[in-house]
Amino acid sequence: MILKCRLAGLALAVTLVACSSSHPAAPKPELSLSADLARVYAAGLSKPVADPYYPEHGSPTIDVLHYGLDLTWAPDHKALSGTATLAVRATTGTDTVRLDFGAPLSVDAATVDGRTVHPEHQGDVLRVPAGRRLARGTTVAVVIKYHGTPQSVKGPAERPDTQHLGFQIGQDGSAVALQEPFGAFTWYPVNDQPSDKALYDVAITVPQGWSGVSSGTFEGKTGETYHWKSAAPTASYLVTFAADRFEMIKGTGPNGLPLTYWVRPKDKAANLAVLQRTPQILAWLEQYLGPFPFPSAGAVIAGNSGMETQQMITVMTGLPDHVFAHEYTHQWFGDSVTPTTWPDLWLNEGFAEYFEWLYEARNLTGAAFDVFIDQVTTQADGQLRKRYGPPGHFNKNMFASGNVYYSPAFMLHKIRKKVGDAKFFAMLRGWVQQHARTSQDRASFTAFASRSTGVDLKPLIDRWLDSATTPKGV
Ligand SMILES: [Zn+2]
């Protein structure tokens, strides 16, 4: 996400940009249908856990392997209708599939493994009776037909651009969904927590002259239906929906990576040059981080912020290229390697912020970059900790404030100074390449970073993430 504020007095103006599935052994399903689903969607296996900050969203009792979303957006009526087909694995014995689903939406019909069921929709929770007891590991097909006018929800933050999370509708009927740390449930039934990554096939039907954009790879258009596939596991906060009168522009990234940019004709003049810098930005990132983690990339110019939606970043009109560098960095840090729970948001933002600074300062010498970092540290770090809490356990009602961007980025610079450039960058590259498409946490990063560099970094990392004031002497 992008935080549209600047710290005064910096030599280099910095825009704050915000913004495991440890692949367990495949379960032993009990029915042939379950076995088929589990096998086809095995890459969507996760180990969901209740989020300690926002436990009211999502449930560790299920693991959604795959979402098939067949959606129609009617801008004139501001109406969404669709069918969601979910491959759901029970992670515990249960007779109910509990999903997050926005109260303003109406369920028209539901089935589990083809049998009609009658879900209970209370508030933003949908309880779907399985019609039988599901043993742990059983995978079922849950189909929900629904319609309605989605409404955004209040975000747990003071940032102006996250006051409204989820599906947002413009006066002209355009729509865009941005939903970190939650809010996917405002437009589809979902296990809305970061630890349950899943595969997606999304089809969006729009009126002629409109386009429907989602995360994943654009697979083409049939009639007025736009098809998107996420063959890599995707957390629900990284799924997007954008409908507008976009024009599609194709590009090619490093090693032939297919790129698409989606921009309204009236926004082309303000954004085309920076969009077309994407191949250079990705090539610059690949020098540090290794190959891009997904089979395609792109950007849609929409919304009121900037967000690292997977394989298709969502960026408001008129933002500079270092914002794009930030969101593209997230494709490695956050999208491919995802924090299991929200207290580890620093695993996303600290790294994206650090690479944004490196990108902005790529023409500075090492010494000048150190001066820049020192200025930011002394001016901002203490204030951010005081106001928003330590970055490793930030105030949960102030999600994605400056403390989870700046302070962990300073920490990375401290690690770099301690171990040297060669070990530091080798460690970062190893982290994203060896943990691609998984969920991770502080303990796994600390262990990996220490092992990779040969230096025990636990004292530094813990002090830097947990201190109420700027740590001294580390
Ligand atoms: Zn970010």
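Colleague: What am I looking at, and how are residues numbered?
Modeller: This is a predicted model; local features need pLDDT of at least 70, side-chain atom pairs count only at pLDDT 80 or more, and totals for chains, interfaces and linings use all residues. Residues are numbered from 1 along each chain as its sequence is written.

Colleague: How is the chain divided into domains?
Modeller: There is domain 1 (28-243) and domain 2 (337-466), with bounds from an automatic or database domain assignment. The contact between them takes 19 residues from domain 1 and 13 residues from domain 2, where contact means that C-beta atoms, placed from the backbone, lie within 7 Å.

Colleague: How far apart are the C-alpha centres of domain 1 and domain 2?
Modeller: Those centres lie 31 Å apart.

Colleague: And which kinds of residue are on the side of domain 1 that touches domain 2?
Modeller: That side has 11 nonpolar, four polar and four charged residues. Here Ala, Val, Leu, Ile, Met, Phe, Trp, Tyr, Cys and Pro count as nonpolar, Asp, Glu, Lys and Arg as charged, and the others, Gly among them, as polar.

Colleague: Sheets next. What is the order of the open sheet of eight strands?
Modeller: The order is β5-β4-β8-β2-β1-β12-β15-β14, with mixed pairing. Strands (E, at least two residues) and helices (H or I, at least four) are DSSP runs numbered from the N terminus, and two strands pair if DSSP finds at least two bridges between them.

Colleague: Which strands stand at the edges?
Modeller: β5 (115-116) and β14 (217-222) do; each has a single partner strand, so one side of each is left without a neighbour in the sheet.

Colleague: What does β12 pair with?
Modeller: β1 (residues 62-74) pairs with β12 in the parallel sense over seven bridges, and Asp70 stands opposite Ala203 in β12. β12 also pairs with β15 (residues 225-234), in the antiparallel sense over seven bridges, with Asp201 opposite Lys229 in β15.

Colleague: Is β12 mostly covered or mostly open?
Modeller: Mostly covered, with seven of its eight residues buried. A residue is buried if 20 or more other C-beta atoms lie within 10 Å of its own, exposed if 12 or fewer, and partly exposed in between; the C-beta atoms are placed from the backbone.

Colleague: What about the open sheet of five strands?
Modeller: Its order is β17-β18-β19-β21-β20, again with mixed pairing. β17 (247-252) and β20 are the edge strands. β19 (residues 297-301) and β21 pair in the parallel sense over three bridges, and Val300 has Thr314 in β21 as its bridge partner.

Colleague: Which helices lie across those strands?
Modeller: α2 (residues 268-275) lies across β18 (258-263) and β19, at about 165° to β18. α3 (residues 278-289) lies across β17, β18 and β19, at about 45° to β17. Axes are lines fitted to C-alpha atoms, for helices over the stretch in contact, and angles run from 0 to 180 degrees between N-to-C directions.

Colleague: Which residues touch the most other members of the largest nonpolar core?
Modeller: Of its 133 residues, those are Ile204, Ala299 and Val300. Such a core is a set of buried Ala, Val, Leu, Ile, Met, Phe, Trp, Tyr and Cys residues joined through C-beta atoms within 7 Å. α7 gives the most to this core, with nine residues.

Colleague: Where is the cis peptide bond?
Modeller: Between Glu180 and Pro181, with omega about 10°. Pro181 is in the loop between β11 (175-178) and β12 (198-205). Leu345 is 164 residues from Pro181 in sequence but 9.5 Å away in space, C-alpha to C-alpha.

Colleague: What does Leu345 touch?
Modeller: Pro339, Ala400 and Val404, not counting residues up to four places away in sequence. Leu345 is buried, with 27 C-beta neighbours inside 10 Å.

Colleague: What is the phi of Ala400?
Modeller: Near 55°, a positive value in a residue other than glycine. Most residues other than glycine have a negative phi. Ala400 is in the loop between α6 (366-388) and α7 (403-419).

Conventions. Contact = placed C-beta atoms within 7 Å.
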